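Biologist: Please walk me through one residue closely, then out to what lies around it. Keep it brisk; I am new to this structure.

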4 protein chains.
Amino acid sequence: MSSSFGEIFKITNFGESHGKCVGVVIDGCPAGLPLTEEDIQIEVDKRRPNSGAGQTARQEEDKVEVLSGVFQGYTTGAPICLLVWNRDIDSSEYERMRFLPRPGHADYAAWKKYAGFNDYRGGGRFSGRVTVSLVMAGAVAKKLLKLKNIEVLAHTIQIGEIQAEASTPEMIRQNVYQNPLRCTDLAAAVKMSRLIEQTGQEGDSLGGVIEALALNMPAGLGEPYFDTLEGQIAKALLAIPAVKGVEFGAGFQAALKRGSQNNDPLVIRNEGIETDTNNSGGATGGLSNGMPLVVRVAVKPTPSIALEQKTVDIQKMIETDIKIRGRHDVCIVPRAVIVVESMIAVTLCDLALRAGLIARVIK
Amino acid sequence: MSSSFGEIFKITNFGESHGKCVGVVIDGCPAGLPLTEEDIQIEVDKRRPNSGAGQTARQEEDKVEVLSGVFQGYTTGAPICLLVWNRDIDSSEYERMRFLPRPGHADYAAWKKYAGFNDYRGGGRFSGRVTVSLVMAGAVAKKLLKLKNIEVLAHTIQIGEIQAEASTPEMIRQNVYQNPLRCTDLAAAVKMSRLIEQTGQEGDSLGGVIEALALNMPAGLGEPYFDTLEGQIAKALLAIPAVKGVEFGAGFQAALKRGSQNNDPLVIRNEGIETDTNNSGGATGGLSNGMPLVVRVAVKPTPSIALEQKTVDIQKMIETDIKIRGRHDVCIVPRAVIVVESMIAVTLCDLALRAGLIARVIK
Amino acid sequence: MSSSFGEIFKITNFGESHGKCVGVVIDGCPAGLPLTEEDIQIEVDKRRPNSGAGQTARQEEDKVEVLSGVFQGYTTGAPICLLVWNRDIDSSEYERMRFLPRPGHADYAAWKKYAGFNDYRGGGRFSGRVTVSLVMAGAVAKKLLKLKNIEVLAHTIQIGEIQAEASTPEMIRQNVYQNPLRCTDLAAAVKMSRLIEQTGQEGDSLGGVIEALALNMPAGLGEPYFDTLEGQIAKALLAIPAVKGVEFGAGFQAALKRGSQNNDPLVIRNEGIETDTNNSGGATGGLSNGMPLVVRVAVKPTPSIALEQKTVDIQKMIETDIKIRGRHDVCIVPRAVIVVESMIAVTLCDLALRAGLIARVIK
Amino acid sequence: MSSSFGEIFKITNFGESHGKCVGVVIDGCPAGLPLTEEDIQIEVDKRRPNSGAGQTARQEEDKVEVLSGVFQGYTTGAPICLLVWNRDIDSSEYERMRFLPRPGHADYAAWKKYAGFNDYRGGGRFSGRVTVSLVMAGAVAKKLLKLKNIEVLAHTIQIGEIQAEASTPEMIRQNVYQNPLRCTDLAAAVKMSRLIEQTGQEGDSLGGVIEALALNMPAGLGEPYFDTLEGQIAKALLAIPAVKGVEFGAGFQAALKRGSQNNDPLVIRNEGIETDTNNSGGATGGLSNGMPLVVRVAVKPTPSIALEQKTVDIQKMIETDIKIRGRHDVCIVPRAVIVVESMIAVTLCDLALRAGLIARVIK
């Protein structure tokens with residue numbers, strides 16, 4: 001396990017799906033940032049399933065507690081430990097499946113790596129549940145970024161084969177959390193809901209694509225050669241369970257373009273330098289170039305499905321079938337939107353501190 | 001700049017396109033690995049343009065020198081410094097363009113980040129030239145992986161709109177370096193060559209897609225929560241100039257699948273556990289699962305094109321045109337194949353050491 | 001703040017003297033280690049003042065809670081969060097001294113660094129209270145080291161001008177925790193007690209010297225060039241408040257010796273290679289050499305004293321006097337013994353994992 | 001091996017005593033710092049033995065080459081590779097001693113750790129020769145510190161039993177490099193010279209103590225909990241071969257003092273806050289407090305002596321004698337002075353960057 005991310009704004013998460021709690025320690029947060037439990041609670045609440053659109057029925061209160069690093073309403077410069085306690089846990093189902101690795105899950109790989117000592121209940125450390133720690137860290141990161149006017153926005157652009165129409169930042173800002181699908185194209189959202197409902201009834205699951213933007217980006221974030229803007233963000237996003245691909249700007253479509261189409265011409269706008277197009281997605285040479293960061297992630301369909309699947313009993317070493325019971329999101333894409341947003345915020349915050357853009361004390 | 005990558009097998013590169021040299025220090029390589037300059041030279045030579053298929057005419061001898069860390073034919077456990085000297089450099093062209101950031105290049109972002117102090121000649125630190133350091137490091141990594149029978153293979157699967165047919169590992173192994181396109185589908189390779197030639201004549205450039213495999217992967221490589229197998233590899237690959245997207249297994253196509261289609265059923269094969277399909281690309285829960293690693297990277301078209309482009313004179317702050325003269329690869333995809341291979345090898349080597357799969361001394 | 005230590009066995013602590021809790025996250029602990037709350041409680045209890053010998057009267061229950069990373073009695077490979085809640089806190093005294101930095105304390109430096117946002121109550125992050133996190137981490141480290149038969153022992157060898165006679169490992173093992181002074185020379189311990197009592201009555205405080213050993217050390221621990229055995233241990237020990245010096249083997253006395261006196265001749269003993277003397281303190285070239293590690297730390301006198309002292313009112317910028325009220329250890333040396341032991345254990349554990357001596361899974 | 005030090009100003013050294021070269025890569029140096037080879041050469045020359053006072057006769061030209069990271073006289077923000085080539089090497093002597101570990105040297109520990117693959121010629125990686133890399137890095141660090149007026153001074157205060165009188169910073173500044181002993185007390189220096197000469201004639205060697213100061217220190221350098229000012233400096237200094245102890249301010253003498261004697265009262269001076277005494281050596285709570293940093297290191301006697309010593313033939317596993325021939329410093333203390341200075345400068349530079357005191361671009 002290597003549960004830390006970031007060089008200056010460094011987060012270390014802990015906790016498992018069916019353990020006592022999920023938490024995160026943020027070390028290196030500047031002193032002097034106003035911070036309340038409510039600031040973090042608001043973000044954590046965005047991760048909740050707030051509709052019947054095929055999301056898990058587990059009641060997660062997720063009441064955030066600040067255990068350290070905040071004094072008299074401000075961060076102190078000391079590590080900030082944030083925690084939510086786990087509740088409403090029934091692990092009995094997982095005893096039955098202990099030696100039956102669920103296809104598409106980490107079960108088999110984790111069993112090999114940890115020689116069976118890993119906490120297998122609810123996926124343990126590999127559960128989507130643990131992403132609440134990322135959202136808590138993201139809440140703090142967003143507050144820091146706001147000081148520099150940097151804003152991170154994410155939204156669902158595809159679920160299964162249903163794609164949303166393009167949207168403006170203003171549309172995302174207004175609509176995304178009003179909407180259980182986290183999709184700004186309301187017509188598409190209706191279709192997505194229906195598809196999720198239908199797929200759930202079939203005992204199956206869905207994936208999708210999330211797009212994220214970072215606005216008001218300064219030029220120069222990123223620490224090449226290896227800690228590039230894109231590399232750090234991709235690494236952060238691939239830590240989110242179910243993410244299988246990351247692309248920036250034109251991304252895989254860039255492969256089809258000519259240089260003359262893909263290059264973004266520089267122009268003068270608002271007395272500053274911008275590019276006329278943004279095929280780069282805001283990053284050139286591993287550095288932000290002042291244009292909006294544009295990143296898309298592919299989310300695979302939820303591996304937990306009600307349909308019977310083939311697997312191997314790893315104790316008896318025989319092929320067998322498995323049927324996963326209980327509550328599972330048919331599609332985790334909408335709930336992952338805030339997680340994507342959070343991890344981008346955490347990454348940008350760390351890079352902004354590394355570049356000296358955010359000071360070590362907020363005055 | 002943050003020019004180091006890896007936790008145990010840690011590489012630190014240095015050098016610029018038009019500086020004295022390009023080099024890399026590998027720290028943490030186990031002692032006792034047989035290593036010669038020839039081992040590294042063979043790999044570096046694969047990065048050479050070995051055909052007229054639209055690649056740069058710059059004569060890069062790239063004679064590898066081992067400056068430290070090897071004694072009597074074996075690695076010593078001390079840092080290994082590998083270096084190639086730069087030759088055949090004409091920087092005059094870059095004086096003319098000093099204040100004219102080339103569209104699609106790092107020029108503008110770097111100028112902002114380093115306040116104009118960056119070495120702008122030939123792109124300096126951001127030049128594809130610097131990737132020779134990655135290939136040198138990869139050569140050592142591959143030798144270590146070979147001890148565990150792990151093999152990394154990469155090949156061109158798309159240039160512009162031309163896609164290659166699927167190929168087997170054996171086909172890649174046999175054909176890829178016999179072929180200036182690094183493409184195993186020879187019919188497609190011919191078309192790619194023609195397209196490159198034609199596009200070059202038009203003064204334009206091309207991108208493409210590279211696919212890489214790692215075979216004989218043990219289960220359990222990857223250090224979640226954050227140093228996942230996919231995250232570390234994506235970060236490594238996004239350090240390669242022009243890479244704009246990374247996906248694993250089904251990747252972005254997974255978004256279109258149902259869980260029942262995308263989940264890989266576990267089966268018993270060769271007395272071990274495998275999955276029947278490999279939509280996961282060999283990674284679940286951020287860990288290798290014993291199946292081949294499958295990763296694809298999107299490479300954008302070479303930003304240096306002969307066509308006139310719009311830019312801004314950053315000294316005079318006026319919009320203007322730029323025409324880039326000189327030799328440039330119309331398509332860097334084929335030359336990037338060995339670089340992709342190398343960075344995957346470096347990443348796997350580090351993860352294998354972190355997992356204790358490769359010992360700290362080779363006996 | 002940089003609250004993490006270690007590369008593989010990485011600890012991250014959090015919490016303040018008068019905050020909610022003090023805790024530590026241990027990331028990178030191998031899976032499969034049997035671990036109970038009791039294992040850790042035993043160590044934490046050693047940090048308690050168990051006599052009237054001038055130690056603080058604060059009742060610290062310090063009931064250890066394991067929040068994550070342990071399942072069915074074994075470590076899982078996931079981060080282990082350990083925590084004690086703070087109780088019995090009266091912070092009123094510190095409001096009075098808010099702008100009166102206490103001489104010898106971190107108050108002034110912290111106020112400058114964190115621009116006054118630091119939690120000043122009870123010294124906040126800089127309080128000796130926080131060392132309970134180190135002891136919790138040490139408890140886990142010791143269990144891992146025990147697997148390799150490595151044992152860490154520390155004891156008081158000097159308090160004020162009173163020095164203890166030399167002692168054998170067996171004497172330390174038997175006596176040190178039977179004894180509130182943590183001193184194996186019982187005659188010296190009596191004198192130390194008296195000195196502490198008398199000095200306390202005078203409103204003053206005492207420092208001292210702690211010696212630590214690590215027995216059954218394998219050769220080869222340490223990762224030069226920079227992460228030397230001595231360097232890592234010194235860094236770990238200097239994180240303990242009040243430690244002002246660290247020396248190994250002959251230490252500062254080596255300056256007075258000739259090479260012929262200080263060099264340790266190699267000899268064959270018990271069919272292995274040892275050195276006849278141990279002036280090196282078990283470390284040569286930054287590596288353990290198989291002999292017992294011997295390290296001594298200088299502990300300054302407790303800065304909190306009852307006597308009136310000169311300071312500056314940093315708000316009014318005038319010189320003034322300060323009188324610190326309340327309960328304070330006259331001499332923290334005895335309570336620091338377990339902390340020294342713990343930090344050495346944590347360091348050795350990390351180096352043993354880095355050297356591959358301890359496996360990533362305990363089977 | 002872990003050959004990197006520092007978080008932002010990160011140095012990675014490479015090379016061996018009898019290999020091709022010794023070098024260092026400095027990554028994270030701010031762009032815009034004027035830097036020439038001469039700047040570094042001046043410092044490297046201070047490491048030369050410039051008298052007959054018992055120092056090695058090896059002619060080390062040590063002509064510094066800047067291989068990367070500097071362009072048009074300024075640092076570019078890219079990694080700076082600095083290198084000296086090895087010359088005048090005769091390794092024949094070491095073949096004879098290959099299986100005879102020299103007492104007091106790293107030979108035995110390294111042979112165990114690297115299973116005999118380490119370069120044993122001249123001590124290889126463990127040779128004092130490698131410290132030239134530290135001095136090169138220190139030269140750059142000093143230039144950065146100078147921007148903030150921070151000055152690092154070191155001097156010999158003891159050789160064998162001969163101690164120098166106390167000296168002022170001005171005395172050190174004026175005298176230390178005028179003097180082969182690096183001692184400001186010229187009367188003591190004469191005695192030291194004689195002692196070195198005499199001890200050399202006896203075939204023996206000497207150790208000593210070096211004191212270093214850092215002046216004009218800002219308050220707030222250091223990143224507790226673990227990367228304390230003292231901890232980082234101690235780690236840096238213990239990487240220098242032969243250093244066996246480090247103490248700050250009153251150091252081990254603090255153990256003898258009462259709190260009322262050891263606490264440094266705060267006072268107003270020059271319109272700022274200082275302490276009346278400096279027993280803390282400029283560090284409280286792991287942070288600089290604005291007073292001069294004062295640190296002393298114990299240097300053991302050179303382990304290479306001409307006298308016959310006992311050792312073990314590790315191939316034949318028999319006890320035997322060893323006589324080390326050739327040229328060796330009788331006392332390396334004077335030559336280590338610049339190395340101590342350099343490592344303190346490197347450490348402070350990194351901490352100043354981490355604290356945001358030095359900007360990422362020098363304008």
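Modeller: Asp350(B) counts as buried, because it has 26 C-beta neighbours inside 10 Å. Buried here means 20 or more other C-beta atoms within 10 Å of the residue's own, exposed means 12 or fewer, and partly exposed is in between; C-beta atoms are placed from the backbone. This is a predicted model: local features need pLDDT of at least 70, side-chain atom pairs count only at pLDDT 80 or more, and totals for chains, interfaces and linings use all residues. Residues are numbered from 1 along each chain as its sequence is written, and chains are lettered from A and ligands numbered from 1 in the order in which they are written.

Asp350(B) sits in helix α9 of chain B, residues 333-354. Helices (H or I, at least four residues) and strands (E, at least two) are DSSP runs, numbered from the N terminus. Set aside its neighbours within four places in sequence, and Asp350(B) touches Gly6(B), Glu7(B), Ile8(B) and Phe9(B). Contact means C-beta atoms, placed from the backbone, within 7 Å. Ala141(B) is 209 residues away along the chain, yet its C-alpha atom is 8.4 Å from that of Asp350(B).

Now step out to the core. The largest nonpolar core has 491 residues. Such a core is a set of buried Ala, Val, Leu, Ile, Met, Phe, Trp, Tyr and Cys residues joined through C-beta atoms within 7 Å. Val340(A), Val340(B), Val340(C) and Val340(D) have the most contacts inside it. Beyond four places in sequence, Val340(D) is in contact with Ala154(D), Ile210(D), Ala212(D), Leu237(D), Ile240(D) and Val297(D).

Chain D also meets chain C. Each chain gives 87 residues to that contact. On the chain C side, helix α7 (residues 229-238) supplies the largest share, six residues. That side divides into 40 nonpolar, 31 polar and 16 charged residues. Here Ala, Val, Leu, Ile, Met, Phe, Trp, Tyr, Cys and Pro count as nonpolar, Asp, Glu, Lys and Arg as charged, and the others, Gly among them, as polar. Strands β11 of chain C and β11 of chain D, both residues 243-248, run antiparallel and are joined by three bridges. Strands pair if DSSP finds at least two bridges between them. Gly245(C) has Glu247(D) as its bridge partner.

Conventions. Contact = placed C-beta atoms within 7 Å.
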